[in-house]
Amino acid sequence: MRPKTLNFEQLVKKNKQELLEDEHSISRIEKKLEKKQMELVEKKREKKIRL
């Protein structure tokens, strides 16, 4: 069975939606990375204070 062909407007809409979903995923990943980085900074600070 052949996949349904999309007209230009449908293709643009589909691509736009995929980009928005990607942007959301990237934002979530960036937030996780920032959180991890902050945790590492805090651990280093605590370690320095103990020394």
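**View 1. E18 in helix α1.** E18 sits in helix α1 of this predicted model. Helices (H or I, at least four residues) and strands (E, at least two) are DSSP runs, numbered from the N terminus. E18 has 35% relative accessibility and therefore counts as partly exposed. The classes are buried (under 20% relative accessible area), exposed (over 50%) and partly exposed (in between), with a 1.4 Å probe and protein chains only. From E18 to K36 is 18 residues along the chain and 27 Å between C-alpha atoms.

Residues are numbered from 1 along each chain as its sequence is written. The model is predicted: local features need pLDDT of at least 70, side-chain atom pairs count only at pLDDT 80 or more, and totals for chains, interfaces and linings use all residues, while side-chain values use heavy atoms, with hydrogens and water left out.

**View 2. K13 and L33.** K13 belongs to helix α1. L33 is found in α1 too, within residues 8-50. K13 counts as exposed because its relative accessibility is 64%. L33 counts as exposed because its value is 56%. K13 and E39 are 26 residues apart along the chain, with 39 Å between their C-alpha atoms.

**View 3. The start of α1.** A side-chain oxygen of N7 comes to within 3.1 Å of the backbone nitrogen of E9. A polar contact is a pair of N or O atoms within 3.5 Å; within protein, one must be able to donate a hydrogen and the other to accept it, and residues adjacent in sequence count only if both atoms are side-chain atoms.

**View 4. α1 from end to end.** The helix has 43 residues. Its first and last C-alpha atoms are 63 Å apart, close to the 63 Å expected at 1.5 Å a residue. The expected span is 1.5 Å times one less than the number of residues.

View 5. The chain holds one helix and zero strands. Its radius of gyration is 22 Å, well over the 10 Å that the globule rule gives for 51 residues, so the chain is more spread out than a compact globule. The radius is taken over C-alpha atoms; the rule is 2.2 Å times the number of residues to the power 0.38. Along the principal axes, the C-alpha atoms fill a box of roughly 65 × 25 × 5 Å. Buried residues make up 0% of the 51 residues.
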